[in-house]
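Here is a short briefing to read alongside the model. Keep the viewer open and follow the points as they come.

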Amino acid sequence: MNDAHHFGGQPHAGGGSSGGSYRKDLHTYVWGLALAVTLTVVPFVLVNWHVMTTASLWIAIGLFALIQAVVHFRCFLHVNPPHEHVDEMLLVLFTVIIVIMMSGGTVWILGNLHTRMY
Amino acid sequence: MSGETLGTNPGFRLRANYHHINREDEVNFGFWVFLMSDAIIFGLVFATYETMTRATAGGPGPKQLYDIGSVAIETGALLMSSFTYGLASLALKYNSGRRAVIGWLVVTLLFGLLFLGFEVHDFLTMFAKGGGPDRSGFTSAFFSLVPLHGLHVTSGCIWMVVLIVQMLRRGIDEDVKLGVQRLALFWHFLDIVWIAIFSLVYLGGLA
């Protein structure tokens with residue numbers, strides 16, 4: 001069967017011959033900008049006014065950053081399964097696993113070492 | 001580039017539909033592989049920075065060195081540049097003409113240069129406060145991470161100038177089009193790295 005159609009979706013939205021109207025595409029970018037501005041302003045305000053304890057601030061900053069990264073991938077890089085860029089999403093998720101293992105492992109081991117030394 | 005072409009990439013599935021792959025998909029997917037390897041490099045430099053945040057050796061720390069106002073302006077400039085690059089991509093996709101594409105790229109370039117200007121100003125302020133890269137493990141780690149992103153933005157700006165010159169001389173041909181698409185991936189990717197920098201380094205350090 002035609003599984004390329006099932007997985008592939010449209011060609012790259014960045015150019016060429018894919019479907020969709022100009023208004024619809026512009027809409028995606030405007031939404032991306034609006035969401036990104038909101039998700040940026042809130043943590044800056046929280047930190048500037050220091051409305052919470054440091055630990056809860058860190059959690060809030062991390063959550064806002066994660067959501068904003070997803071918004072950027074979705075609206076600016078058009079990683080938008082199952083319609084667009086399914087392969088790229090697999091690549092990104094694989095990279096995320098690698099980064100979690102290597103960076104997370106580094107922070108874990110060195111943090112552990114740090115607490116043992118003092 | 002007919003409607004026949006489906007978005008399959010040779011990297012993930014060499015299947016019966018391999019002949020459907022066009023050059024655009026192939027080249028852009030290869031660039032995605034580069035971006036993700038770059039993401040791993042950034043991830044490891046981030047990890048180094050996180051392990052070094054307390055290693056100030058009696059020198060100035062994040063709260064003495066970082067300026068939240070300046071970081072807010074840099075963040076805004078980079079975010080706007082991502083949006084205006086999106087408008088350049090749309091102008092290219094819908095054949096709005098060379099002037100529209102070049103116009104939005106120039107606006108993007110100006111936002112990129114604004115970002116770099118404020119960043120250099122930040123670094124000079126840190127030097128003046130005695131927080132240069134030779135001061136402590138913390139400042140060394142800072143100056144390996146944040147200027148690494150700045151260098152990426154600088155090379156993105158140079159690439160943008162090259163594309164603008166190519167468009168002025170040759171018009172919009174297939175190579176220029178692919179170049180604009182790949183720089184779009186690079187530019188939006190750098191904005192995502194910046195999310196991690198302003199969250200982990202600046203906001204995390206000032207919280």
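Is B:Ala57 buried or exposed? B:Ala57 counts as exposed, because it has 9 C-beta neighbours inside 10 Å; the cut-offs are 20 or more other C-beta atoms within 10 Å for buried, 12 or fewer for exposed, and partly exposed in between, with C-beta atoms placed from the backbone. This is a predicted model, in which local features need pLDDT of at least 70 and side-chain atom pairs count only at pLDDT 80 or more, while totals for chains, interfaces and linings use all residues. Residues are numbered from 1 along each chain as its sequence is written, and chains are lettered from A and ligands numbered from 1 in the order in which they are written.

**The two chains**

- Chain A has 4 helices and 0 strands, where helices are DSSP runs of H or I with at least four residues and strands are runs of E with at least two, numbered from the N terminus.
- From its N terminus on, chain A reads α-α-α-α.
- Chain A holds 118 residues, and 31% of them count as buried.
- In chain A, 52% of the contacts between residues at least 6 apart in sequence join residues at least 24 apart; a contact here means that two C-beta atoms, placed from the backbone, lie within 7 Å.
- Chain B has 6 helices and 0 strands, in the order α-α-α-α-α-α along the sequence.
- Of the 207 residues in chain B, 44% count as buried.
- For chain B, residues 24 or more positions apart make up 73% of the contacts with a separation of 6 or more.

**Where helices of the two chains pack**

- Helix α3 (residues 54–75) of chain A packs against helix α6 (residues 174–206) of chain B at about 175°, with axes 10 Å apart.
- The axes are lines fitted to C-alpha atoms, for helices over the stretch in contact, and the angle runs from 0 to 180 degrees between N-to-C directions.
- The two helices α3(A) and α6(B) are therefore roughly antiparallel, a label for angles over 145 degrees, whereas under 35 is roughly parallel, 65 to 115 roughly perpendicular and the rest oblique.
- Residues of α3(A) in this contact include A:Trp58, A:Ile61 and A:His72, and those of α6(B) include B:His188, B:Asp191 and B:Leu203.
- By class, the residues of this contact divide into 8 nonpolar, 6 polar and 1 charged.

**The nonpolar core**

- The largest nonpolar core has 73 residues, and B:Ala88 and B:Leu203 have the most contacts inside it; a core is a set of buried Ala, Val, Leu, Ile, Met, Phe, Trp, Tyr and Cys residues joined through C-beta atoms within 7 Å.
- Both chains take part: α2 (22–49) and α3 of chain A, along with α1 (23–52), α3 (68–93), α4 (98–128), α5 (137–170) and α6 of chain B, each supply at least two residues of this core.
- The largest share of this core, 19 residues, comes from α6(B).
- Leaving aside residues up to four places away in sequence, B:Ala88 touches B:Val101, B:Trp104, B:Leu105, B:Thr108 and B:Val180.

**Residues to click on**

- B:Glu74 is found in helix α3 of chain B and is buried, with 24 other C-beta atoms within 10 Å.
- Beyond residues up to four places away in sequence, B:Glu74 touches B:Phe115, B:Phe118 and B:Glu119.
- B:Leu206, in helix α6 of chain B, counts as buried with 20 C-beta neighbours inside 10 Å.
- Contacts of B:Leu206, not counting residues up to four places away in sequence, include A:Val47, B:Pro62 and B:Tyr66.
- B:Ala57 sits in the loop between α1 and α2 (62–65) of chain B, and its phi is near 50°, a positive value in a residue other than glycine.
- B:Asn95 lies in the loop between α3 and α4 of chain B and has a positive phi of about 50° although it is not a glycine.
- B:Asn95 is exposed, with 11 other C-beta atoms within 10 Å.

Note on methods: Nonpolar A, V, L, I, M, F, W, Y, C, P; charged D, E, K, R; others polar.
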